[in-house]
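Visitor: I would like a close look at one part of this protein. Please take me through its pockets.

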Amino acid sequence: MIRLKNEEQIAGIRKSCHLLADLFNEIIPKIKPGLSTKEIDSWCVNFARKFGASPAWPQEGFPGCACVSINSQVIHGVPSKKRIVHDGDIVSLDIGLNLNGYISDSTHTVLVGAVQPAHQKLCRVTRESLAAGIGACTAGNRIKDISNAVYDVAFRQNGYGVVYEYCGHGVGLEVHEDPSVCNCPGSGPNPRIQAGMVLAIEPMINEGTGDVEIEEGSEWTVVTADGSWSCHEEHTVAVFRDHTEILTDLDYNGCSCLK
């Protein structure tokens with residue numbers, strides 16, 4: 001069931017999303033070679049607690065505040081003292097916060113040091129596919145308009161693999177809500193986009209195949225099936241009758257954590 005949010009609920013979700021944007025603005029400049037993914041996660045946990053929030057993922061069983069996925073890891077990278085960030089890596093940070101019962105969800109991939117041009121392009125195209133998906137997310141369109149927009153930029157224009165086993169979703173009152181927001185067009189439900197929807201749009205784009213698998217020895221971490229590198233970008237957006245607002249925009253006007 002799709003849960004349309006009222007004005008009060010969207011205000012609460014917006015506040016959570018702005019706090020998450022503040023977290024990203026603080027943590028992204030700190031991602032350097034030599035860090036462990038556990039250190040990154042600890043920063044996120046401490047930030048959330050400092051401002052009265054809690055990590056969203058543990059309520060679904062994930063052991064951390066941040067999914068920290070590096071290179072061929074697509075999503076759900078489990079924080080570890082043994083996994084170290086190196087020069088040239090691309091590091092996807094998928095973070096969700098629960099602030100007073102309102103859930104925010106966003107992902108940014110950080111380019112660390114001297115990243116190869118091919119991987120820089122992968123990240124740029126992934127950001128462009130996210131922007132295209134958000135551009136198609138307007139009241140009156142359908143969910144698959146988002147899917148087609150993402151797929152057009154990533155695959156039709158650039159030939160990248162688009163992950164189809166995992167997708168975006170409704171969000172705000174729960175971590176995962178209806179509807180599913182796939183990044184590939186195909187069969188299945190195609191509801192009309194309505195005012196009051198809050199959606200997490202999140203392209204997961206691979207250099208090679210769109211096929212993925214669970215990393216050996218892990219219960220959570222998803223990797224590319226062919227070992228190619230992957231990039232993940234995500235925003236939470238709210239749909240209104242006449243516009244769509246990017247709630248997790250890093251450049252929003254203000255700094256909620258200082259208020």
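This is a predicted model: local features need pLDDT of at least 70, side-chain atom pairs count only at pLDDT 80 or more; totals for chains, interfaces and linings use all residues.

Guide: Start with the largest pocket. Its volume is about 310 Å³. A total of 20 residues line this pocket. Look for Glu60, His76, Asp94, His169 and His176, the lining residues closest to its centre. What classes do the lining residues of the largest pocket fall into? They divide into 10 nonpolar, four polar and six charged.

Now turn to the second largest pocket. It holds about 150 Å³ of space. Its lining has 13 residues. Closest to the centre are Lys144, Ser180, Cys182, Ser187 and Pro189. Which elements give two or more residues to this lining? They are α4, residues 143-156, and β8, residues 177-181. Helix α4 gives the most, with three residues. By class, the lining of this second pocket has seven nonpolar, five polar and one charged residues.

Next, find the sheet. Three strands form it, in the order β6-β10-β13. The sheet is open, and its pairing is antiparallel. Strands β6 (161-162) and β13 (230-232) are the edges, and each pairs on one side only. Follow β6 to β10, which spans residues 204-206. These two strands pair over two bridges. In one of the pairings, Val162 has Ile205 of β10 as its bridge partner. Finally, trace helix α3, residues 117-135. This helix lies across β10 and β13. Helix α3 runs at about 35° to β13.

Definitions and conventions:
Residues are numbered from 1 along each chain as its sequence is written. Side-chain values use heavy atoms; hydrogens and water are left out. On a 1 Å grid over the protein atoms alone, a cavity is a set of points where a 1.4 Å probe fits but cannot get out, and a pocket is an open set with protein on both sides within 12 Å along at least five of seven lines; lining residues have an atom within 4 Å of a point. Grid points are joined across faces, edges and corners, and a volume is the space filled by probe spheres set on the points. Ala, Val, Leu, Ile, Met, Phe, Trp, Tyr, Cys and Pro count as nonpolar, Asp, Glu, Lys and Arg as charged, and the others, Gly among them, as polar. Helices (H or I, at least four residues) and strands (E, at least two) are DSSP runs, numbered from the N terminus. Two strands pair if DSSP finds at least two bridges between them. Contact means heavy atoms within 4.5 Å. Axes are lines fitted to C-alpha atoms, for helices over the stretch in contact, and angles run from 0 to 180 degrees between N-to-C directions.
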